[in-house]
Amino acid sequence: MTPHVFRTGTIDTGAIVREILKGYALPLRGHHGVVHWARVLDNGLGLAEANDANVDVVVLFALFHDSRRVNEGSDWGHGRRGAELARSLRGTFVHLADAEFDLLYEACRGHTEGTISSDVTIQACWDADRLDLGRVGIMPEPERLGSDFARLLVPWAVERATQRVVPEIVVREWGV
């Protein structure tokens, strides 16, 4: 698979990333930093296209899901904190209808639980994140991925994660 080029459309990911980074506590290029967010974005866009997930929710999940971690290890509640940050930016940087925002909130809140969701958008978010586990030496478990397409992406995603591929958006649009 080739990476999807993300065209910002109505979501200004650069502005959102700059806003998130005002309160980001970890190294920018650490295990849970901007390079991870960008690979999750690439993964998620492919999954959204294949599985008809809501692209705006997938994009915003990539940015917010680890945005309020306080350490690189076990950090209970970081997904909820990221979701709350997204809530605080509604109307300024985050423009989603209530039902879409509820999906984003749940995707961020529950992304570390290791479960499968019946909602295609939430699952695309979780699979996008799980596909980047290679960055910390963990092979994604196929039974924890929610679609056949996600399972097909494992070799590609693991190679990108272990090679620490830096998607172009990190420099081009996020300036990091």
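These legends accompany close-up views of a predicted model.

**View 1. Crossing of helices α3 and α5.**
Helix α3 spans residues 55–64 and helix α5 spans residues 98–110; their axes come within 10 Å and cross at roughly 35°. The crossing of α3 and α5 is right-handed. On the α3 side, the contact is made by Val57, Leu60, Phe61 and Phe64. On the α5 side, Glu100, Leu103, Leu104, Ala107 and Cys108 take part. By class, this contact of α3 with α5 has 8 nonpolar residues, 1 charged residue and no polar ones.

**View 2. Burial of helix α3.**
Helix α3 is mostly covered, with 8 of its 10 residues buried. The buried residues are Val57, Val58, Val59, Leu60, Phe61, Ala62, Leu63 and Phe64. Their cover includes α1 (13–21), α2 (34–51), α4, α5 and α6 (120–130). Val57, Leu60, Phe61 and Phe64 of α3 also belong to the contact with α5.

**View 3. Burial of helix α1.**
In α1, the buried residues are Thr13, Gly14, Ala15, Ile16, Val17 and Ile20. Among the elements that cover these residues of α1 are α2, α3, α4 and α8 (169–172). Helix α1 is in turn among the elements that cover the buried residues of α3.

**View 4. The largest pocket.**
The largest pocket holds about 420 Å³ of space. Its lining consists of 22 residues, and those nearest the centre of the pocket are His111, Thr112, Asp129, Arg130 and Leu133. Divided by class, the lining of the largest pocket has 9 charged, 7 polar and 6 nonpolar residues.

**View 5. The second largest pocket.**
About 250 Å³ of space lies in the second largest pocket. Of the 13 residues in its lining, Asp75, Trp76, Gly77, His78 and Thr112 are the closest to the centre. Thr112 is also listed among the residues nearest the centre of the largest pocket. Helix α4 (residues 78–88) supplies the largest share of the lining of the second largest pocket, 3 residues. By class, this lining has 7 polar, 5 charged and 1 nonpolar residues.

**View 6. Glu84 in helix α4.**
Glu84 has its place in helix α4. The relative accessible area of Glu84 is 35%, so this residue counts as partly exposed. The C-alpha atoms of Glu84 and Ile169 are separated by 25 Å, and the two residues are 85 residues apart along the chain.

**View 7. Asp52 in the loop between α2 and α3.**
Asp52 is found in the loop that joins α2 to α3. Although Asp52 is not a glycine, its phi is positive, at about 60°. Asp52 counts as exposed because its relative accessibility is 66%, with the cut-off for exposed set at over 50%.

**View 8. Arg164 in the loop between α7 and α8.**
Arg164 lies in the loop between α7 (148–162) and α8. Its phi is near 55°, a positive value in a residue other than glycine. With a relative accessible area of 46%, Arg164 is partly exposed.

How values were computed:
Residues are numbered from 1 along each chain as its sequence is written. This is a predicted model: local features need pLDDT of at least 70, side-chain atom pairs count only at pLDDT 80 or more; totals for chains, interfaces and linings use all residues. Side-chain values use heavy atoms; hydrogens and water are left out. Axes are lines fitted to C-alpha atoms, for helices over the stretch in contact, and angles run from 0 to 180 degrees between N-to-C directions. Helices (H or I, at least four residues) and strands (E, at least two) are DSSP runs, numbered from the N terminus. A crossing is left-handed if the near helix is turned anticlockwise from the far one by less than a right angle, and right-handed if clockwise. Contact means heavy atoms within 4.5 Å. Ala, Val, Leu, Ile, Met, Phe, Trp, Tyr, Cys and Pro count as nonpolar, Asp, Glu, Lys and Arg as charged, and the others, Gly among them, as polar. On a 1 Å grid over the protein atoms alone, a cavity is a set of points where a 1.4 Å probe fits but cannot get out, and a pocket is an open set with protein on both sides within 12 Å along at least five of seven lines; lining residues have an atom within 4 Å of a point. Grid points are joined across faces, edges and corners, and a volume is the space filled by probe spheres set on the points. Buried means under 20% relative accessible area, exposed over 50%, partly exposed in between (1.4 Å probe, protein chains only).
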